[in-house]
Amino acid sequence: MTPGCRHANLEPEAATLERIAALRAGAESMSARDRVMAAVAQQEPDRVPVDLWVAREVRQRLTEYFGCDYDSLLDMLGVDFRVVQGPRYAGPEIEAHPDGTVGDVWGVRRQTVSYGEGASRGTYLEVAHSPLATMTTVREIEQYDGWPSPDWWDCSHIADECRRHAGKCVVYAGDRLDRTAQLKTAMYLRGVEQIMLDLVLNPAIVECIVAHITSYFLDLNRRVFQAAADAFDIFMMGDDFGMQTGLLVSPQKWERFFEPGFRQYIDLAHAHGLKVMHHTCGAVEPLIPRFIDAGLDILQSLQPRAAGMDLAVLKKRYGSHLCLQGSIDIQQTMPYGRPEDVRHEVRERMRVGKPGGGFIICTAHNLQADVPTENIVALLEAYHEFAPYETR
């Protein structure tokens, strides 16, 4: 009977856990935290660190399939990271509206949208109202009464929450819809189309909005880092600067509008002894040298079907300066491939990502509800089959 599992004496889930346990038994000689820190430092640990990103529906499916609570399951699957959201909201009541939309701390309203059918059915929150969308002047932006305050958050529990995960690599990521960002938050507030127009036609409005966003996150994160009292290992921020075929903003506009805040976020985390991970979807290769120059430690996602994001190329160009995390395809391989396709992709990613350290295996984003369970099982087993470094 595998500890923490209700059904560990049954097939096929028990067989999966037993195979993973056997693969890990001969490969692990470091703590999860030390393993990750070695990889980030461009050193080869005992095996490649493993991360797991899943949507809410997949998390529930996996806990039911394996009969385990999620923390126990992560332990048995050899996942090296534990993500904590951080502070608890303690501010003014967030309003639910008669049309079914729900607001957030910025005054952005979202509605629940369903996709898929049957076992592949899932939900996500879609922006339904951007409170700054119709404003036309900097003065209106400045006078907006919905700017959030860092005082609305309670950080008193953070250190204790982190210490529950002793030995793991603890990541502070914030809520996914309110993660430390600039462009993404501006998109929520202003609307995607409008903020893109503003970058060309209304640069002063962009600068005003971004200034409010960065000021808020810098103040909030400073409080979070202080409250954590060195219990975090990695600070994760996230801003999607790319799309499938190229950048959302030119390198020149990125440098003007977003590089200052990007650097400030990193500098603040480094001042508190943290490594910094940045998540971005899309084709962002032209920005990677700028990320490195700003001091970024880990680039997360590596969307393999986006233009210019081939792991072998990125590893050759940037692998000595930056730890790379991700690269397993969730657009085709995971939802539509066969288990043998998944295994082949993991093997190839390990082949090019492992040498010299600086690589963390993970999917390019959350596994969604349309990914078959057998493909997830194949992914998890392949991670550990191909993760070990040769014994020295």
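## Strand β12 and its parallel partner

In strand β12, threonine 363 is the bridge partner of isoleucine 328. Strand β11 (residues 323-328) and β12 run parallel and are joined by five bridges; two strands count as paired if DSSP finds at least two bridges between them. Helices (H or I, at least four residues) and strands (E, at least two) are DSSP runs, numbered from the N terminus. The model is predicted: local features require pLDDT of at least 70 and side-chain atom pairs count only at pLDDT 80 or more, whereas totals for chains, interfaces and linings use all residues. Residues are numbered from 1 along each chain as its sequence is written, and side-chain values use heavy atoms, with hydrogens and water left out.

Five of the five residues of β12 (residues 359-363) are buried, so this strand is largely enclosed by the rest of the structure. Here buried means under 20% relative accessible area, exposed over 50%, and partly exposed in between (1.4 Å probe, protein chains only). Both faces of β12 are covered: Phe359, Ile361 and Thr363 are buried on one side, and Ile360 and Cys362 on the other.

Helix α3 spans residues 56-66, and its buried residues include Glu57, Val58, Arg61, Leu62, Thr63 and Phe66. The elements that cover the buried residues of α3 include the helices α1 (13-25), α4 (70-76) and α15 (373-386), together with the strands β4 (109-115) and β5 (122-129). Contact in this sense means heavy atoms within 4.5 Å. Just after α3, glycine 67 adopts a positive phi of about 70°.

## Cysteines

A disulfide is a pair of cysteine sulfur atoms within 2.5 Å, and by this rule the count comes to zero disulfides. Cysteine 162 is in no disulfide, the nearest cysteine sulfur being that of cysteine 169, 11 Å away. Cysteine 169 is likewise in no disulfide; its nearest cysteine sulfur belongs to cysteine 323, at 10.0 Å. Cysteine 162 counts as buried at 3% relative accessibility, and cysteine 169 counts as buried at 0%.

## Salt bridges

The model contains 29 salt bridges, each defined as a side-chain nitrogen of Lys or Arg within 4 Å of a carboxyl oxygen of Asp or Glu. One of them joins the side chains of aspartate 151 and arginine 223 (2.6 Å, N to O). This pair links distant parts of the chain, 72 residues apart: aspartate 151 is in the loop between α5 (138-143) and β6 (153-154), and arginine 223 is in helix α9 (residues 203-228). Aspartate 151 is exposed, with a relative accessible area of 54%, whereas arginine 223 is partly exposed at 30%.

Aspartate 293 forms a salt bridge with arginine 263, and the closest N and O atoms are 2.3 Å apart. Aspartate 293 lies in helix α11 (residues 288-293) and arginine 263 in helix α10 (residues 251-271), so the pair ties together parts that are 30 residues apart in sequence. Aspartate 293 counts as exposed at 53% relative accessibility, while arginine 263 is partly exposed at 27%. A further salt bridge is formed by arginine 338 and aspartate 341, with the closest N and O atoms 3.3 Å apart. Arginine 338 is partly exposed at 48%, and aspartate 341 is partly exposed at 27%. Salt bridges that share partners also join Arg24, Glu28, Arg35, Asp46, Arg47 and Asp80 into one network.

## Nonpolar surface patch

Leu197, Val200 and Leu201 make a nonpolar surface patch of about 290 Å². Patches are made of residues with over 30% relative accessible area and no salt bridge; like charges are joined within 9 Å, and nonpolar side chains (Val, Leu, Ile, Met, Phe, Trp, Tyr) within 5 Å. Accessible areas come from the Shrake-Rupley method with a 1.4 Å probe, and for residues only the protein chains shown count as cover. Leucine 197 is located in helix α8 (residues 192-201) and counts as partly exposed at 38% relative accessibility.

Most residues other than glycine have a negative phi. Alanine 229, a residue other than glycine, has a positive phi near 50°. Alanine 229 is found in the loop between α9 and β8 (234-238) and is partly exposed, with a relative accessible area of 38%.

Serine 301 also has a positive phi, near 125°. Serine 301 lies in strand β10 (residues 298-301) and is buried, with a relative accessible area of 1%.
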